[in-house]
Amino acid sequence: MSKTDPGRFFEDFRLGETLAHATPRTLSPGDQRLYTAFYGGRHALYSSDVFARACGLNAAPLDPLLVFHTVFGKTVPDISLNAVANLGYAEGRFLRSVSAGETLHATSEVIGLKETSNRKSGVVYVRTTGFCGEEAVLSYVRWVLVRKGEEAAPAPAEHVPPTAAAVAASDLVLPSGLDFSGYDFAAAGAPHAYEDYAVGEKIDHVDGMAIEEAEAQMATRLYQNTAKVHFNQFERAKDPTGRRLVYGGVVISTARALTFNGLQNTGMMLAINAGRHVNPFFAGRTIFAWSQVLDRAELSPTVGALRLRLVATADRPCTDFPDKDEKGTFPPEVLLDFDYWAAIPRRSA
Amino acid sequence: MSKTDPGRFFEDFRLGETLAHATPRTLSPGDQRLYTAFYGGRHALYSSDVFARACGLNAAPLDPLLVFHTVFGKTVPDISLNAVANLGYAEGRFLRSVSAGETLHATSEVIGLKETSNRKSGVVYVRTTGFCGEEAVLSYVRWVLVRKGEEAAPAPAEHVPPTAAAVAASDLVLPSGLDFSGYDFAAAGAPHAYEDYAVGEKIDHVDGMAIEEAEAQMATRLYQNTAKVHFNQFERAKDPTGRRLVYGGVVISTARALTFNGLQNTGMMLAINAGRHVNPFFAGRTIFAWSQVLDRAELSPTVGALRLRLVATADRPCTDFPDKDEKGTFPPEVLLDFDYWAAIPRRSA
Amino acid sequence: MSKTDPGRFFEDFRLGETLAHATPRTLSPGDQRLYTAFYGGRHALYSSDVFARACGLNAAPLDPLLVFHTVFGKTVPDISLNAVANLGYAEGRFLRSVSAGETLHATSEVIGLKETSNRKSGVVYVRTTGFCGEEAVLSYVRWVLVRKGEEAAPAPAEHVPPTAAAVAASDLVLPSGLDFSGYDFAAAGAPHAYEDYAVGEKIDHVDGMAIEEAEAQMATRLYQNTAKVHFNQFERAKDPTGRRLVYGGVVISTARALTFNGLQNTGMMLAINAGRHVNPFFAGRTIFAWSQVLDRAELSPTVGALRLRLVATADRPCTDFPDKDEKGTFPPEVLLDFDYWAAIPRRSA
C-alpha cells in the first residue's frame, strides 16, 4: 500500500460513515496574534482580556473563525483533496468558545451523496464536528463537489440531506457566563446596540484590504489546510488562471474583519447559516464588503443576536451593494455570500 | 446616523478635548515574536528572559516600539483617518516596560490646532497616552496634517503648543529594578559601553533590510492601524505612485533593528525626542541606517543613556552618512530623521 | 575600533578556539506557531499538547528544526558573515527536546581549518553546541567556505577533522519519558509504523509548496540569522541572479514538512547525519521532496528510528526520484541532499 495519501474520490465515500480526522492541534496565543496579523480584526471582545473579563469570560477567547478554519483544515485531507469546488455551508454552530492552550480535533459524518449527471464527480455532504477533548465546540454541514477516481465506478445511492435555511435563534449557544451588562461601548468603538439595527438595513463597510500571496499561504498553512490549489504554484501554472487560489476562509475572515466599520459590537459569531464562494479570489486584489441585517433575536436580558448577510467583493467598493440579479447571477467581482448570526449587546444592558 | 466611521476632519477637533480611543489590546508572546519576524531585532534584553532577569527585570519586556505602534494604531481611527501627512513626534516617554499578557488602551488630548493658509486642512497636535489599567506606560506628542471636511467650515482658534526639543535626561524613566551591574556584554554581542560613545560620533550600521508588501501589511494589521493608504491597493492604484504606503512605524522599527550593528547595547528605548518621516517608503526597497550620538547622561550607577539620531534611507547605503544640506533639504533616498534616548550599561558596571 | 561587526575572515580563526555566540533567545508559543505558518507541518507530536502528553512528554515540544535554525542563526555573525558557501553538516544530535519558555544560547569550537588552493579563502570546521542554561540541547559539526580578508595573510596549519558518515544509532538520544505505547496512529494520520519501512524504500511526497520572499525573510529574521544575502536586495541586485538567496534552512524545513505525506509518524528528528545545499533556492518557486530509507534501529520497546535521506527540488515533481548521476552530479532542480534520523513508533507498541 502506498504510504502517501491520494485523498478520497467520490466513490470512496459511504453514507453514514464517520471519518476521524488527523492532526490534533493545540491553539496558542501565537495563533490568535497571527490571526490578527492576517486580517486586522478590531472587535474588542477578541482583542482584550480585560474587556472579555468585563463581559463574564475568563480571557479573550480565540476568534470563532480561527476555530472554524482550524477544524476545516483537518477535514481537507479526508474530504476535499480531490474536490472540484466547495459548494456550501449550513447549520454551523459555535457551541462554546475556545481559549489559547486548548487542543482541537475533528470528525465528519457523511450525511449525503449525489453523483453528478455527467458521472465524473459527485457532491459529498458532511457534518463536521470540532472537539476539545470530548466536548463539541463547533458543528457544521458542508457540501463539496468531489471528482471520481474512476469514471466507471458505481455511484452510491443518492441521498440529499435536508439542511435548515438558517440556524434557529433558539439553537444559538452563548458562552457560559456571558453578560453584556457591563459592555463598554466606547472602548469597543461605537455606541450601536442591538436596538439600533433594523431588519433589512444595509451597511457598506467602506474599507478595502489587499491580500498578498504570502499572507494567504501563511494563514492556510497555520490551519494545516493541505489543498494543493493553495500552495503548488508549479502545478497551478498549468491552470488557465496560472495562479494559486486563495483559501476561501481567508476571504471570509478578511471580509468579517472589515465589518468592524459599521458592526463594531458584533465580534462574537454564534452560527454560520449559509455560505457560498461565488468566485475564486487571487492574491494582489483588494477585498471590500457589505452587510445586510436579515433577522434579530433576543438571547438573554443583555445579549441580542443579529442574523447578518455578508457579501465580499474584489477590487469593487460596495457603496452600491453589489448583489445578484433576478436570475441569481452575481457580478463577477463578488467573491462571497455568507450568512451568520452574531451576538451584540442590548441597549437595555 | 451612519454606523460607519468617516473619521474626524480638521474642523471636528476642539482644543482641550480628550479622545478615548477604541479597541483595548492584550499583547502576548505572539506579538513579540511577530515583531522579531518583521524586523529581526537582536538586542539581548528583548530577546532573552534569562538575560533580562540578570538585569533586574521579571522577563524580557515587549519592545518599546511594539508598545508605541500598538498605542499609535489605536489613535488612527480618531486622529488620522483623514490625514494628509504625519508631521512629527515630540516628548515621547516610555514610563514603564510592558510585559506579555498586559492590556493597552489609549487616550489623546487635543493640545493644538492650526489651520493651513489655503484653508483646506489644518495641523492637529495631540498628546497621546497609552495605559495598562490606570497606569500610564507611554506618552508622546504628535502633530498631523488633517483635511477639512468642508472647506468653508470655520476654523478653531489657532493654538500651537510649545514642545521640547528633546526630553530632558532628568525626565527619563528606568524600569523599576533595572540594574546593569551584571550586564553580560559578550552575550549581548559587543563590549561597547556608555563610556565608549562620544557626542558627535557617527555610526554606519552597514546592513540593509528589504521589506515586502506582505510584511508591512501584517505588521500594520497587528497594530490594528486602519489607515487606508496602507491596505487599500484598489484606491492607491489611482495615486500617481500607484502603491500602498508602508506605515512609517515599519521604517522606524526596521532602522532601529539595524542599529544593533554598532549600538549592540542600546536595546532599551527610553524616549522619543523627535521624529519626521522625510519621504514615503514603498515595499520592495532595502532600508539602510546610520546614527549619531547627540548627547549622553548618567541615570544610575550602572545605567547611562545615549541620545541618538537615527537616519534611515531606501536603496542607499549609509557609508557617507547622507544628511540634509544647509537648506535643510534631504536627499530623496532619506526616509526618516528620528531622535531618541536609549539606556546603555556603564562600564563601571 | 569600529563598533560595527565586519565578521571574521578565514585567517581570523584559530584551531581549538571556542566562540561564545551572542544574543540568547527565549523561544515562545509565538515561535512555534510562526514555524507552523511558514512550513505547514502536520506531525501530531509537534501539533498537539494532548498527543504529546499521551507519548510521555509534558507538552508538544518545539520542532527540533526550529531549535536548529535558532542555534544556527546565532553562529552566523561569528562564523559565516563572510562565507562564500555553506558546505556541509555532520554529527548533529538533538540531545533533549526544548519547550516554549526556554532560552537558548550557543557556542562553537573551531575544529578544523583548510586553506583553499587559490589562497583566497578557506574551509572552517566548527562544532556548534546549543544550550538551555548549562544543558546541551543540540550539537552539530558544520563546515563553511570563508573568504580571506587579506589574500596574503598567512594561513593557519591545515587540519581536517574526521567526521562520522552518520550518527550511530547507539548515540541517538530520546527525550526522557518518551513512550509510544499509547501512540494514536489514527490521530497522527496514518498507520505506518517502524515495521512498515524497509531499507532502500523510496517515497515521493507528492505535494508541492511555493515559498514567497516575505515568508523566507520573516523566518530568517525570526532565527536572528543576519546573513546579508537573505535580506539586502539592493546589494543582491548586483549579483548575476539579481535575487536574494533563501536561507537553506527554509528549504530543509519546507521539505521536511512535505515528508508528512508518506512519513506521517516520523515527526521527531533525532540526528542530522549529513546535509548539503546542492543549489541555491530563490523565492517564487515550488519545493517538492522525496525520501529514501537508509537504515533502521530499535531504540526502546516502543520506539524505533529510521535513517532517512531527504532530497528536495525546485519546480520539479519527484515522481521519478531525481538524483545524482554516477559522477555525483545532481540535476539543476535539486536543492538539498539531507540525511537524518527520526523516531517512529514500533507496531509492537
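Student: At what angle do the axes of helix α3 and helix α7 of chain B cross?
Tutor: In this predicted model, local features need pLDDT of at least 70 and side-chain atom pairs count only at pLDDT 80 or more, while totals for chains, interfaces and linings use all residues. Residues are numbered from 1 along each chain as its sequence is written, and chains are lettered from A and ligands numbered from 1 in the order in which they are written. Helices (H or I, at least four residues) and strands (E, at least two) are DSSP runs numbered from the N terminus, and axes are lines fitted to C-alpha atoms, for helices over the stretch in contact, with angles from 0 to 180 degrees between N-to-C directions. The axes of α3 (residues 64–79) and α7 (residues 248–258) of chain B come within 11 Å, and their crossing angle is roughly 180 degrees.

Student: Are α3(B) and α7(B) roughly parallel or roughly antiparallel?
Tutor: Angles under 35 degrees count as roughly parallel, over 145 as roughly antiparallel, 65 to 115 as roughly perpendicular and the rest as oblique. The axes cross at roughly 180 degrees. Therefore α3(B) and α7(B) are roughly antiparallel.

Student: Which residues of α7(B) make the contact with α3(B)?
Tutor: Two residues are in contact if their C-beta atoms, placed from the backbone, lie within 7 Å. From α3(B) come B:Leu65, B:His69 and B:Phe72. Their partners on α7(B) are B:Gly249, B:Ile252, B:Ser253 and B:Arg256.

Student: Now for the chains. Which element gives the most to the side of chain C that touches chain B?
Tutor: This contact takes 33 residues from chain C and 39 residues from chain B. On the chain C side, β2 (25–26), α1 (29–39), β4 (103–115), α5 (213–222) and α6 (233–236) each supply at least two residues. The one that gives the most, with six residues, is α5(C).

Student: How many residues of that side of chain C are charged?
Tutor: Ala, Val, Leu, Ile, Met, Phe, Trp, Tyr, Cys and Pro count as nonpolar, Asp, Glu, Lys and Arg as charged, and the others, Gly among them, as polar. The side of chain C that touches chain B has ten nonpolar and twelve polar residues. Its charged residues number eleven.
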